[in-house]
Amino acid sequence: MRSRPYWASCGLFAATILLSGGPLLTTAARASLDLRDMSIEELGQIQVTSVSKSAQPLSTAPAAIYVITHDDIVRSGATSFPEMLRLAPNLQVAQITASRYAISARGFNGGAADKLLVLVDGRSIYTPFSSSVNWDLQEVPAENIERIEVVNGPGGTLWGANAVNGVINVITRASGETQGFTAELGAGSAEVRGLLQYGGKITDTLTYRVYVDGFKHGDENITGTGANARDGWHKVQGGFRLDWDAADDLITVQGDIYDGSEHQLDSRNIAISGHNLIARWTHALNSRSSLQVQAYYDHIDLFAPDEARNRLDTFDIQAQHNFSLGDHEIVWGGGYRTMSDEFPTVLSETQQVQFVPESRTLSLWNLFLQDSFSVTDNLKLIVGAKIEDEPYTGIEIMPNARLSFTLRDGSLLWAAASRAVRVPSRLDRDVTQRTGPILTLTGGNMQAVKVTAYEIGYRAQPLADLSFSLAAFYNVYPNLRSAEPTNNNFPLFFGNGMKGETYGIEFWANYQVSSWWRLAAGGNWIEQDLRFKPGNLGIGGLQIAGNDPKYQFSLRSMMDLGRDVGLDLQLRRVGSLPAPPSPAYTELGARIAWSPSKKFEISLTGTNLLHKYHAEFGTIANTLQVGPVGIRAKRSVFLATRWEL
Amino acid sequence: MSTSNLGHLALHLGLLACAPALAMDAKAQTAPLETQVKAAFLSKFPAYVSWPPNVFSAPDQPIRLCVIGRDPFGPLLDRTVAGQSVDMHPILVVRLEGTGTATAGQCHIAFLGGTSKQSTAAMQQALLEDHILTVTDASLSPAHGIIHFELKGGKVRFHIDDAMAARSRLSINARLLGLALSVRPRTRTS
């Protein structure tokens, strides 16, 4: 006897709608109707998450981790990494120009914010030139992002140097999940954008995808004085991914190539281009252990005609082994990276910066070990360390210890202590600058910036519909970067003459108001207590450390209106910035999408809707600022369509 | 009111009455792949489990798949089991707040989600020796039922406690035991 589902009594109409599947189905949800036809062996073979460095369920991870899901990204209408990262309440994201953003975690934000490590499928995207991330160079179509893991707190042990305040891990979807023809085309008040992608199968276990996308962003924003900011830009990018999924092995090869141009206020356009190739092999040794080897090559080229050209080649190879020993889960491994860059600059009356030497190859190797030990069923201890031989400063050790305790009601209490470093970059060590005949800035002997971080957190799901997470941190920085004079005179050089502590709280919560309405709230609060070491002249002031708001708060509402319509709102409130000064602001993003079938969707996205123009990073220069001066971003709308063929 | 208006109104009413079902489907639409795979496993487990002979009084008596406490599935589970049957027994999803009610004893499979009032471990203790296949999930609680879901290598896998199954007078098919990450074997005397 077939049992009749309770909703069948609604009539044939309702039953037809349900059986044909909803338009807001994610790629994963579309597969749910197919799972019932799979054998029980096949179910156990389905990849539901990527194999991360430490294979444990996210909800028990003893860290301040926030996961931005594929659906979060698509529903928000965000198309660039910085806009996607706004969805993480534990990150500070400030738009400087149309292509440049200041992004950091737990303070020290700036155009060249240097305390956050960012990886795309294991490929590091920070540049050793300034130990920061060129957000304009990196892009993954939202369509292909599986999730973005934002882990606050030092990630030195697993991820190495420069993960001082956090690690962002962008994970793309396997090609098997993006099959068929997909096209996206959209236009709006600020930009036009398009994507063409095809995913296919060579055999049942060998799948691939290829894509090409591009956008053009107009000169829509204005400077502090109201003139056109000339910060428009455009880029074309293409790439591929190949996945081979055999019984015990997973092999992935992926790569991208891109080319673009950025308008400048006072000079000629900057040409940006690059390409990368990653190969990754994961081998399951048995049900309790696996091996992973990954190698990648990355090339970037930034060319400001008549001024400078920065080319960087990175080659990286790393291996890790995960295995279990009784109640211990151990991961250990190592890697080697070499970065070769050229930075010739053209000296002129207005451009007096030069790198000495112009070209340099930096190499590093590392070894790490981490043990997760289940002391009891509810108490887990994670201890580990990474030892890395850094360019410029030699051997650095980054240890960490984490404790997590699962309470009787399933909630998690965790605490951690760790140490990480931010190694000096070419900008810190090799830069020289003249003003007229005087040498004003020269290469110095800056040492690695260290942090010792103490964190504690609590994560719970007190009701079936409500979950929240709270984390508090206290970071000690004994030797932050400063500018030092040579015998009380020019030239200046970078040293470690500042120190201090930062502390704060981060929280986020999710509430499923009803089956069709979800609310997400989040925020953070930071206090910084920085000072120059005794006897230090304090050149530039404490503001050279970074430009951070004391607090930040966001609220998101996600609604499924009926079967075909989704409405998303994101409200954010960011506190004022000290230097360059920027007033506190409140802004709203919204997106409404209509999808009458799973093969078509049309959406309207509004960005920065509350004010015609608003600034997020001030509109004047800061002392020792790297990068462009902030603009006032304009309100914009964007109409997008998505097709599946 | 003209005939066409009346017809239009009736259609609207039909839509409204169905709205809760449609709206609930939205939650199923956004369930992550991991949850869908677990729901699919739950719908397939009964085919690999033998209950003691007097548990089913009729050949087409439904297999009661209970979700006790936190429910990570929602209507996704109902959709997954809809139309499935094992040896003529259809699968029926029942949701309970705790093991205290009489109906808990009538479950054949119980997914233990735990609540703030009764932990997963307490639920599992309460249902021991009751010919109920208890299922737990490592991402919700470390307490183990007879089958315990755990993500390994990015895939949904499970541990089987065959000794606990023996105490509950359940027999688990060797094919399912062979797929498990680990099996605690039943002792010779059980």
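# Close-up views of a predicted two-chain model

**View 1. A hairpin of S16(A) and S17(A).** S16(A) and S17(A) make a hairpin, with three residues between the two strands. Asp306(A) sits in the turn and has a positive phi of about 70°. Strands and helices here are DSSP runs, numbered from the N terminus: strands are E with at least two residues, helices H or I with at least four. Two strands count as paired if DSSP finds at least two bridges between them. S16(A) and strand S17 (residues 308-325) of chain A run antiparallel, joined by 15 bridges. Phe303(A) has Arg309(A) in S17(A) as its bridge partner.

This is a predicted model, in which local features need pLDDT of at least 70, side-chain atom pairs count only at pLDDT 80 or more, and totals for chains, interfaces and linings use all residues. Residues are numbered from 1 along each chain as its sequence is written, chains are lettered from A and ligands numbered from 1 in the order in which they are written, and side-chain values use heavy atoms, with hydrogens and water left out.

**View 2. The other partner of S16(A).** Strand S15 (residues 270-286) of chain A pairs with strand S16 (residues 289-304) of chain A. The sense is antiparallel, over 15 bridges. Ala279(A) stands opposite Ala295(A) of S16(A).

**View 3. An open sheet of five strands in chain A.** The strand order is S1-S8-S9-S4-S5, and the pairing is mixed. Strands S1 (64-69) and S5 (123-124) of chain A stand at the edges. Each has a single partner strand, so one side of each is left without a neighbour in the sheet. Strand S4 (residues 116-120) and strand S9 (residues 166-172) of chain A run parallel, with five bridges between them. Leu116(A) has Gly166(A) in S9(A) as its bridge partner. In a regular strand, side chains alternate between the two faces of the sheet.

View 4. Gly335(A) belongs to strand S18 (residues 328-342) of chain A. Gly335(A) is buried, at 15% relative accessibility. Buried means under 20% relative accessible area, exposed means over 50%, and partly exposed is in between (1.4 Å probe, protein chains only). Beyond its neighbours within four places in sequence, Gly335(A) contacts Ile317(A), Gln318(A), Leu364(A), Trp365(A) and Asn366(A). A contact means heavy atoms within 4.5 Å. Gly335(A) and Leu364(A) are 29 residues apart along the chain, and their C-alpha atoms are separated by 8.4 Å.

**View 5. Two cis peptide bonds in chain A.** One cis bond joins Phe490(A) and Pro491(A), with omega about -5°. Pro491(A) lies in strand S28 (residues 489-514) of chain A. Another joins Ala579(A) and Pro580(A), with omega about 0°. Pro580(A) is in the loop between strand S31 (565-574) and strand S32 (585-597) of chain A.

View 6. Asn487(A) has phi near 50°, a positive value in a residue other than glycine. Asn487(A) lies in the loop between strand S27 (466-486) and S28 of chain A. Its relative accessible area is 74%, so Asn487(A) is exposed. Arg169(B) has phi near 60°, also positive in a residue other than glycine. The loop holding Arg169(B) runs between helix H5 (162-167) and strand S9 (171-172) of chain B. Arg169(B) is exposed, at 53% relative accessibility.

**View 7. A disulfide in chain B.** The count is one disulfide over all chains, a disulfide being a pair of cysteine sulfur atoms within 2.5 Å. Cys66(B) is joined to Cys107(B), with 1.9 Å from S to S. The link of Cys66(B) and Cys107(B) is left-handed, with -100° about the S-S bond. The pair links distant parts of the chain, 41 residues apart. Cys66(B) is in strand S2 (residues 63-69) of chain B, and Cys107(B) is in the loop between strand S4 (89-96) and strand S5 (109-114) of chain B. Cys66(B) is buried at 0% relative accessible area. Cys107(B) is buried at 1%.

**View 8. Helix H2 of chain B.** H2(B) is mostly covered, with 12 of its 12 residues buried. Among them are Leu33(B), Val37(B), Phe41(B) and Lys44(B). The 12 residues of helix H2 (residues 33-44) of chain B should span 16 Å at 1.5 Å a residue. The end C-alpha atoms are 17 Å apart, which agrees. The expected span is 1.5 Å times one less than the number of residues.
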